[in-house]
Amino acid sequence: MTAQQEAAFAAKPEAQYGRGQRNADIDLAAISKNVSLLSQFAAQSKVMAVLKADAYGHGLIPSAEAALRGGADFLGTAVLEEAFALRDAGIEAPVFAWLAAPGADFVTALSKQIDVAAYNIEQLAEIIKASREAGATARIHLKIDTGMWRGGADAASWPQLCAAARRAEANGVVRIVGVWSHLACADEPGHPSIDAQLSNFRRAIAVARDLGLRPELCHIANSAATLSRPDAHFDMVRTGLAVYGINPLPREARTSRMQLQPAMRLSAKIVNVKPAPAGAPVSYGATEKTARATRLAVVPLGYADGVVRSASSRGPVRIGDEHFRVIGRICMDQFVVDVGDYAIQAGDEAVLFGSAQDGEPTVEHWAEAAGTIPYEILTGIGARVPRNYRDSTSGT
């Protein structure tokens, strides 16, 4: 094995050998269909497909291409490195990267025609400097904090940031293409902060325009607001979780129009099945014992693969046509399922999550079992779980 082959194997074990004992199957057609559906909800606005965190664990480049096939107008990443990877892969669509610390490589970003964000005067100055070094006009989205108290300029410093941006724009070194913010509670329909933040956002846009800026892309809506708040759509929506088929809204707030399709299916082949007596302590810490004489199956996925330990004794699993749960603690590389007298053997497939329409547990079920959110479940699936890509519309 060459050094290059060894490096590839270390980076993605099992991946070059096809389907292995662990598999994350990604349906690219589902991503395309979800983007198309989201475009219908935001019919008067552009749609940004958010690809941060390796496209929520689905794979940056394949997901980007699928989103563009579905009609995405813009691609979004958190960090610059992900935006660079899109350009290096030959993707020419508009890209916005919004999270950069002081000293970030804005020169390369501007050379690669990547839109960037400015949260404050200091960051704006850094981008202006990079613009001059790169010999490229920076496309900037100014961020206003409308009430989440995370990133962005507060209301008191917003006019100063806008005025400085307008001066730089007049000098030809930048172009202010966007004003943006983020909603804190859009996944809680009716939460009073939503209306308050939208009101603050409209005021911030008015201030920017009064100071001479003409942003063409005002955007604040995430997936939840895209699905539930048309008044939050403005010029563009930023859709993340929904692109991958997970609805962030509470079940009671969903409608029949919101037919998103989960794009990832996580499964593994059972490595061992053996009998166990009643009262047998299972896994680390002996936190749970068998209730009766039974059979135990070992599934080769663990918290090193993103199967969160907090779902111990609760995580749902489907094997064949039957539904089970994890028994005992989830380990680093494996967990145990009590399969009783069912005709289950080593080599059978255990499905952790997939499509509810197919009767499989879902990402949401695992999030509930772990006391977390679907975002964490998806983005936590580790690199040693191969991503196997298919397109359900073509059968490949």
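**Figure 1. The two positions of the UniProt feature "binding site".** UniProt places this feature, from an unreviewed entry, at Arg150 and Met332. The two positions span 183 residues in sequence, and their C-alpha atoms are 33.2 Å apart, so they do not all gather at one spot. UniProt positions are given in the numbering used here, feature names are shortened, and annotations may be inferred rather than shown by experiment. The model is predicted: local features need pLDDT of at least 70, side-chain atom pairs count only at pLDDT 80 or more, and totals for chains, interfaces and linings use all residues. Residues are numbered from 1 along each chain as its sequence is written, and side-chain values use heavy atoms, with hydrogens and water left out.

Figure 2. Arg150 lies in the loop that runs between β6 (138-143) and α8 (158-170). Helices (H or I, at least four residues) and strands (E, at least two) are DSSP runs, numbered from the N terminus. With a relative accessible area of 56%, Arg150 is exposed. Buried means under 20% relative accessible area, exposed over 50%, and partly exposed in between (1.4 Å probe, protein chains only). Leaving aside neighbours within four places in sequence, Arg150 is in contact with Asp145 and His182; contact means heavy atoms within 4.5 Å.

**Figure 3. Close-up of Met332.** The loop between β16 (322-327) and β17 (335-338) holds Met332. Its relative accessible area is 43%, and Met332 is partly exposed. Not counting residues up to four places away in sequence, Met332 touches Gly302, Tyr303, Ala304, Asp305 and Arg384.

Figure 4. An unreviewed UniProt entry gives Lys52 the feature "modified residue: N6-(pyridoxal phosphate)lysine". Lys52 is found in helix α3, residues 52-56. Is Lys52 buried, exposed or partly exposed? At 32% relative accessibility, Lys52 counts as partly exposed. Residues up to four places away in sequence not counted, Lys52 touches Gly76, Thr77, Ala78, Glu82 and Trp98.

Figure 5. For "domain: Alanine racemase C-terminal", UniProt lists residues 263-390 in an unreviewed entry. The end C-alpha atoms of this span lie 10 Å apart, and the span is 11% helix and 34% strand. Ala263 itself is found in the loop between β9 (236-239) and β10 (264-269). Ala263 is buried, with a relative accessible area of 3%. Not counting residues up to four places away in sequence, Ala263 touches Asp25, Ile26, Asp27, Ala30, Ile31, His58 and Tyr244. Ala263 and Tyr389 are 126 residues apart in sequence, with 9.9 Å between their C-alpha atoms.

**Figure 6. The whole protein, for orientation.** The secondary structure comes to 12 helices and 19 strands. The radius of gyration is 24 Å, close to the 21 Å that the globule rule gives for 396 residues, so the protein is as compact as a globular protein of that length. This radius is taken over C-alpha atoms, and the globule rule is 2.2 Å times the number of residues to the power 0.38. Along its principal axes the C-alpha trace spans about 80 × 55 × 45 Å. Buried residues make up 52% of the 396 residues. Among contacts with a separation of 6 or more, 66% are accounted for by residues 24 or more positions apart.
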